[in-house]
Amino acid sequence: MAEVYELPDTAEFKAEILERYPPKLAKKRAKQIIINKIENDDDVPEILANTRTIPGIITMRGCAYAGCKGVVLGPTRDILQITHGPIGCGFYSWLTRRNQTKPTTESDVNYMTYAMSTDLQEEEIIFGGEKKLRAAIDEAVALFHPRAIGIFATCPVGLIGDDVHAVARAMEEKYPDINIFGFSCEGYKGVSQSAGHHVANNKVFTDVVGLNDTFSKPGKFKFNILGEYNIGGDAFEIERIVADCGLSLHSTFSGNSTYDEFSSAHTVDLNVVMCHRSINYLAEMMEKKYGIPWFKVNFVGAEATSKSLRKIAQFYEDADLLKKTEEVIERELVEVEKVRLDVKSRCEGKTAVLYVGGSRAHHYQELLREIGITILSAGYEFAHRDDYEGRKVMPSIIVDADSRNIEELKVEADAVRYKPRLSEEKKASMEADGFAFSDYNGLMTEMPESSLVIDDCNHYELEELLDRYHPDLVCAGIKEKYVVQKRGIPMKQLHSYDYMGPFAGYKGAINFYKEIDRLLNCSAFKFTKAPWDESPELSATYAFN
Amino acid sequence: MLLRHTPKEVVERSALTINPAKTCQPVGAMYAALGIHKCLPHSHGSQGCCAYHRSALTRHYAEPIMASTSSFTEGASVFGGQSNMLESINNIFALYDPDIIAVNTTCLSEVIGDDLNQIINRAIADNKIPKGKTVMYASTPSFKGSHVTGYANMLTAMVQNFATNTGKKNKSITLLPSFVEPSDMSEIKHIAAEMGIDYIMYPDTSGVVNAPMDGKFHMYPKGGTPREKIIASGDSRYALALGRVGTFQAAQLLDSKCKVKTEILDLPIGISATDAFIDKLRTTSGVTVPESITVERGQLVDVLCDKAQYVYGKKISLMGDPDILFGLVQFCKDAGMEVIHVITGTPAGAKWDRRIKELAGPNAIVKSGAQADLFYFHQLLQNTKPDLIFGNTYCKYIARDMDIPLIRTGFPIYDRIGHSYFPITGYRGGLHLLVKILDVFMDRQDRDASEEKFELVM
C-alpha cells in the first residue's frame, strides 16, 4: 500500500507495553506485537500467532466449540445440532451470532431458533453420557425427523471418555435415512476458536460434501462461497449482486445454507473464499479431491466487491458475463459513490483500530479507507501467520504442541469425480496474466507502514493503546464495546454489527458508511462530560443575589 | 413461523433439552462476584466459558463486564490446571490489581478435579498473593443446577471467606439478595435506608453493572460491597435472605459459622412479599415504618384499585428463575390475574414445586428442571393460550409466533434496556411492573378495538 501513516513513537510505545509484563511474558508478547514494515515483494515481519493464550491476561478469545458449532455449523438451517454437554455451551451459542436464515417456504426446515442439548448432569459425568446422547437423538428424530444431525462435544465429553463418533455411527445404523456425525470440538482443543474451524471443516468434508451428485440449481456459472456466514444478511446482499451479474451461487458455507447444498457442493466449478481463516481447509481439500480451484475474494467494501465480481467473471471467460458484471458494478456504484463522498467529507482524517476474530480486522480496512479513515493498529484474536503475512509463509509455519492434536486430513483425488476445472496449462497461463489462485496476501501487506499489528490483543494492551493514540473509532466485539464507549470513544462491533446490516456488498457499504458517520458525528458522545465537571471552580464562586 | 417445528402435542422427553430455561452455574457466580468492590471474577477452565459468560452479561447490561480466565489447553485439561491458575494470579495482580480475585470453576476443572483450595494455598505459600489481597473460590460445576446455583455458591463463598464473628455484635442487619438486577438491589437498599436501618447487603451490583458514563473506563467501578462490610456481616444482629434458592446455603452458613440469626423470605416482589419484607425489617430492627414507605405502598395499591379492570382475570404464563417467579406469581395473584403456567429450568426442588403450586392455584401447570424448557413452555401455551407472558428475551420467539405480549423479566434480557435501572422489587418496583402490565393490556385494547369502540379515556 502506498499509504504511509507514521505513528511517531510505535517502538517506544511497544517497549512501554512490554515493560509491565514479567520477563518471560514480555518476550512472548514482543513477538505478537509487530511494527509493520512492508518490503519488496510484500515481505512483512514475522509475527507469532495461533499460540496459547496467557492465563489471566483477559483475552478476547473463545474456544474450539464456539469455532465449530457456533461459527461454522451454526448457520446451517436444516442440520439438527445437538450440543453434548452441560447446558451452558448450547445456551450461549443459541441465536447469539446473527446468522440470518430464510427458509424458502412456510413448511421448509429451519432449526435456527432451536438450541438442543443433552444437558449433562452429575450422574452422566460419573457414569458416562453416551446413553443419554443416544436417547436425546431418539427424541430429536421422533420430534423433528431431520435429514442430518450434528453432535458437538464440549469440554467434559472428552475427559469422561464419551465417544460422539461411535454414538453417531450406532445411531446412523438405527436411522439409515439420517446422516449423523459427531465433532470433537471440546473447548480445550487447540488455543482458540480456530481449532474448532478446522474440526468442523474436516467433518463436513468427510461426512457431507460429495454425498449428492444430483442436486443442482438452475444457472450457468456455478460457484460456492466459502467462509460467509450471513451475519446481518451479508450473504443475502452478495446473492443479490451475483445473481444480477448472471452468476449462479450454488452453496454458501454456511450462511443460510442447507444440507443439500453442502452435500452437492463438489459439483460446481469454482470456490471463492471470504473468511480465509475458518474455511481455507475445505477449499484446499475440495481442490485436491475434486479439482475445484479457489481464490480469495472480499465483498466487504465497494471497491473490493467490484474487484471480486470482476475476478469471478474473468474466471469464466464469458463475454456476456463480463459485460453484465460491468453493468452491475456501474449501476450499483452510483448510489454508493454519492453516499461515500458525502460521508467522507465528515470522516476524512479520522483514525481507527480494529481487533476482530480472524478475518474482519483485514476486510473492514477497505471500507474504512474508502471514507478516508486511517488504520492505526489492527489484529486478530485467533488468526494464524498466513492470515497476517500471507499464504506464502505457510510452509514455514510450525504447529506447536497445543494445536498438534487437531487432525490434518490426508486427501487424495477422488477416483471417479476428480475433474480439474482448468487444465494445468490454462491455470498457468491465467496465473502468468496475474490471476492469483489459492492466494491470500494477509493483513500486514495492506496495513500502513509502521502501524501496530497485535495478535490476541488483551484488555491491558487495548487500554494502553487507547490512552496513547486516542483513535476516533474502535472496531472489536461485545466484550470490548462498553470498555471503549465509557471513555467516550465510538465503538463499532464488527462481529454482530451492533444488530444492523448487511455490511457486505454495495448496499452493505452504504449501510456501513452511514453507520460510521453516525458514530463519529452523532451528538450523544458530546454529553460525556457534565458541564460542572468541565469547569468545577464555578460552583464555588456562584452566589444567589 | 419462527418456531415452526414445535408441535402442540406434548410428548415426554427424558434426555433432550430444547431451548433451555436456564443456563450454567459460572455466569451466576461471575455476576455475584461483580457485586464485591474491586473484585475481578476469574473463570478456572478453558477460555470459551469466560468469553461466553462475559458476553452474556454484557449483552444483558450493555456495560463492560470484566473477568479473567485460566485458558486451559489440552495439556492442562489432562494434567491439571494448577500452573494455569498460578500464572493467572501472577498476571492478574501485576496488570489489573484487584483487591479480590473470585474464582469460579467450570465443568472442565470440576471433571478433572482441580483442588482450588490446595492451589490457592500454594499461591499463598509461594508469596504470589500480595499483602491485603484475597483469592477466593466457589465450586461451580455446570452439570449441577443452573446459573442461580452458581450465584448461590459464590454468595456462600463470600460468607465462607469473609464473614467473621468477632464476638462483638454490631448494629447492622445483613441482607442477602438472590440473583436480581442492580436496580432491585438499589430498591432493597432504598427501603432499608428509608427505614433508618443500618444494613449490610451483598452482593451488590448496583453502581457496577449500571454505572454512569463519565468519559473514563473504570475497571473497578464505585459500586460493589466493600470487603470490610462482608467481614462485618458476621457480627450483624440479624440476617434476612431474600429468595430461598439463591440464598439458602449462604444464609445457613452465616448462621452456623457466625451465629447470626438468619431468616429466609421471598424476594420482595409485589405487594404481599414486600409487605412481609418490610414487616420483618420493622420487627427485627424495632423501627417504625416511615410515612414515605407507607406512601409508596399506598400509591401502588391506589393504581391497582384504579385500573384493576384491565388486569382482572387475565391469564398469565411465566418462565424464569425460581426466586423471581415466586414474587411474580404472587404479584399476579394479588392483582387478580390467573396464573396458568410456571416453568423454570432450574431444578428448584420439591419444596419449591409444592409451594409455587399452592400459590399459583390448582389449575396452574408447574414444572421445574431439565425438560422444563421453552420448547415445553411453548407447547403448553399452544394448548392454553395466555394473555401475557413473563419471561426472558428468548420468549420473544414464542410471543411473536403466537401474538402474545411479553414482559421481559429475569435473565437474560438482550433486546431491551431498563431492567438494570428500574426495579421490580419493593412498592416502587411493583408500581413500575404494574404500569408495564397495564401498558401491555391497554395497548392491546387500543390495537384490537373496532373504530367505534376505540376509547380516548381509559
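This report describes a predicted model with a chain A and a chain B, beginning with the annotated domains and ending with local backbone features.

## Annotated domains

Each of the two chains carries a domain annotation from UniProt. For chain A, an unreviewed UniProt entry lists "domain: Nitrogenase/oxidoreductase component" at residues 63-520. This span is 45% helix and 14% strand, and its end C-alpha atoms lie 33 Å apart.

For chain B, UniProt, again in an unreviewed entry, places "domain: Nitrogenase/oxidoreductase component" at residues 24-440.

## The interface between chain A and chain B

Contact between the chains involves 79 residues of chain A and 75 residues of chain B. Together the two chains bury about 6800 Å², and 63% of this area is on carbon and sulfur atoms. Between chain A and chain B there are 38 residue pairs in polar contact, counting pairs in which both residues have pLDDT 80 or more. Several elements of chain A give two or more residues to the side that touches chain B, among them α3 (64-73), α4 (87-92), α5 (122-127) and α19 (478-485). The largest share, seven residues, is supplied by α6(A). By residue class, the side of chain A that touches chain B holds 41 nonpolar, 22 polar and 16 charged residues.

Three salt bridges are found across the interface of chain A and chain B. One salt bridge in the model joins Asp119(A) to Lys22(B), where the closest N and O atoms are 2.9 Å apart. Strand pairing also links the chains: β3(A) and strand β1 (residues 17-18) of chain B are antiparallel and share two bridges. In this pairing, Met116(A) stands opposite Ile18(B), a residue of β1(B).

## Salt bridges in the whole structure

Side chains of opposite charge can pair when their charged atoms come close. Over all chains, the search finds 65 salt bridges. One of them is formed by the side chains of Glu16(A) and Arg468(A), at 2.5 Å from N to O. This pair links distant parts of the chain, since Glu16(A) belongs to helix α1 (residues 10-19) and Arg468(A) to helix α18 of chain A, 452 residues apart.

## A parallel sheet in chain B

Chain B contains an open sheet of four strands in the order β3-β2-β4-β5, with parallel pairing. Its edge strands are β3 (68-69) and β5 (134-138) of chain B, each of which pairs on one side only.

Strand β4 (residues 100-105) of chain B runs parallel to β5(B), and five bridges join the two. Within this pairing, Val103(B) has Tyr137(B) of β5(B) as its bridge partner.

## Local backbone features

Most residues other than glycine have a negative phi, and most peptide bonds are trans. Against that background, the peptide bond from Gly501(A) to Pro502(A) is cis, with omega near 0 degrees. Pro502(A) is placed in the loop between β14 (491-493) and α20 (505-521) of chain A. In chain B, a cis peptide bond joins Tyr202(B) and Pro203(B), with omega about -10 degrees. Pro203(B) is found in the loop between β7 (199-201) and α9 (227-232) of chain B.

Asn50(A) is not a glycine, yet has a positive phi of about 55 degrees. The loop that holds Asn50(A) runs between β1 (33-35) and α3 of chain A.

Definitions and conventions
Residues are numbered from 1 along each chain as its sequence is written. Chains are lettered from A and ligands numbered from 1 in the order in which they are written. This is a predicted model: local features need pLDDT of at least 70, side-chain atom pairs count only at pLDDT 80 or more; totals for chains, interfaces and linings use all residues. Side-chain values use heavy atoms; hydrogens and water are left out. UniProt positions are given in the numbering used here, feature names are shortened, and annotations may be inferred rather than shown by experiment. Contact means heavy atoms within 4.5 Å. Buried area is the accessible area (1.4 Å probe) that two parts lose on being put together, summed over both. A salt bridge is a side-chain nitrogen of Lys or Arg within 4 Å of a carboxyl oxygen of Asp or Glu. A polar contact is a pair of N or O atoms within 3.5 Å; within protein, one must be able to donate a hydrogen and the other to accept it, and residues adjacent in sequence count only if both atoms are side-chain atoms. Ala, Val, Leu, Ile, Met, Phe, Trp, Tyr, Cys and Pro count as nonpolar, Asp, Glu, Lys and Arg as charged, and the others, Gly among them, as polar. Two strands pair if DSSP finds at least two bridges between them.
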